[in-house]
Amino acid sequence: MKRIPFRKSSSSRANVNREAGNLMAIGKTLPALRREAATCKACDLWKTGTQTVFGEGASPARIMFVGEQPGDQEDREGHPFVGPAGKILHSAMHDAGIDESEIYVTNVVKHFKWSPAERGKRRIHKKPRYSEIHACRPWLDAELRVVRPQVLVCLGASAAQSLLGKRFQCQPPARAIRRIIARPDRDGNSTSFVHFACTR
Ligand code: SF4
């Protein structure tokens with residue numbers, strides 16, 4: 001089976017990605033990728049998250065929605081978009097007439113990053129660092145190879161920056177939501193459309 005190549009380097013970031021890249025092989029199914037991601041330690045977020053929250057949905061899918069990371073409820077249940085943000089997303093899809101049997105939902109970072117509240121037991125969402133987004137990117141790439149969406153919807157700046165680079169900046173929603181970029185798919189022989197719906 002063809003392995004994702006990696007270059008030798010002494011930098012910690014490269015070591016992190018080498019570890020994630022070593023876990024994956026091209027041609028794996030989603031269940032196989034999900035099983036491997038469950039033991040991923042390519043960045044430190046596995047230490048504080050309850051479990052890896054991998055993507056779910058149709059494969060192939062017409063539309064893939066990509067968020068930033070699982071939230072508190074997703075972390076506990078092990079499924080993406082089952083918390084308050086997920087309810088809004090499902091409601092918006094219903095209003096837009098999107099058939100949920102044709103979509104796949106995932107996050108650019110598969111573990112919940114949080115810090116304890118000053119009072120009480122609440123876990124407060126923390127924005128992932130770019131190094132963590134970068135470390136988790138091989139899992140998103142693997143999902144994209146399998147799911148092959150026609151439309152990729154990035155929910156927020158972290159998702160867009162993971163796919164376009166950290167210099168990407170969200171524009172006001174009214175403009176950003178109409179932004180469509182055509183780009184070749186990973187085989188370079190067809191065109192996928194990336195539609196950025198930035199939320200703040
Ligand atoms: S956040 Fe991603 S890269 Fe980091 S440990 Fe979890 S699955 Fe691995």
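**Reading a helix and the core around it**

Mentor: Start with α5, where a kink of about 40° lies at C136, shortly before the proline P138. The bend at a residue is the angle between axes fitted to the seven residues ending there and the seven starting there. Keep in mind that this is a predicted model, where local features need pLDDT of at least 70 and side-chain atom pairs count only at pLDDT 80 or more, while totals for chains, interfaces and linings use all residues. Residues are numbered from 1 along each chain as its sequence is written.

Trainee: How many residues does helix α5 have, and what span does it reach?

Mentor: Helices here are DSSP runs of H or I with at least four residues, strands are runs of E with at least two, and both are numbered from the N terminus. The expected span of a helix is 1.5 Å times one less than its number of residues. Helix α5 covers residues 130-147, so 18 residues, and goes 24 Å from first C-alpha to last, close to the 26 Å expected. Just after α5, R148 takes a positive phi of about 45°.

Trainee: Which residues of α5 are buried?

Mentor: Buried means 20 or more other C-beta atoms within 10 Å of a residue's own, exposed means 12 or fewer, and partly exposed is in between, with C-beta atoms placed from the backbone. In α5 the buried ones include H134, C136, P138 and W139.

Trainee: Which residues have the most contacts inside the largest nonpolar core?

Mentor: A nonpolar core is a set of buried Ala, Val, Leu, Ile, Met, Phe, Trp, Tyr and Cys residues joined through C-beta atoms within 7 Å. The largest has 36 residues, and M64, F65, V66, C136 and C154 have the most contacts inside it. α5 gives the most to this core, with 8 residues.

Trainee: How does β2 pair with β3 and β6?

Mentor: Two strands pair if DSSP finds at least two bridges between them. β2 runs parallel to β3 over 5 bridges, and parallel to β6 over 4 bridges. F65 has V105 as its bridge partner in β3 and V153 in β6. Both faces of β2 are covered, with I63, F65 and G67 buried on one side and M64 and V66 on the other.

Trainee: Which residues come nearest to the ligand?

Mentor: A residue counts as near if its C-beta atom, placed from the backbone, lies within 6 Å of the molecule. There are 16 residues around the ligand, and C40, A42, C43, H111 and C136 come nearest. α5 gives the most to this shell, with 4 residues.
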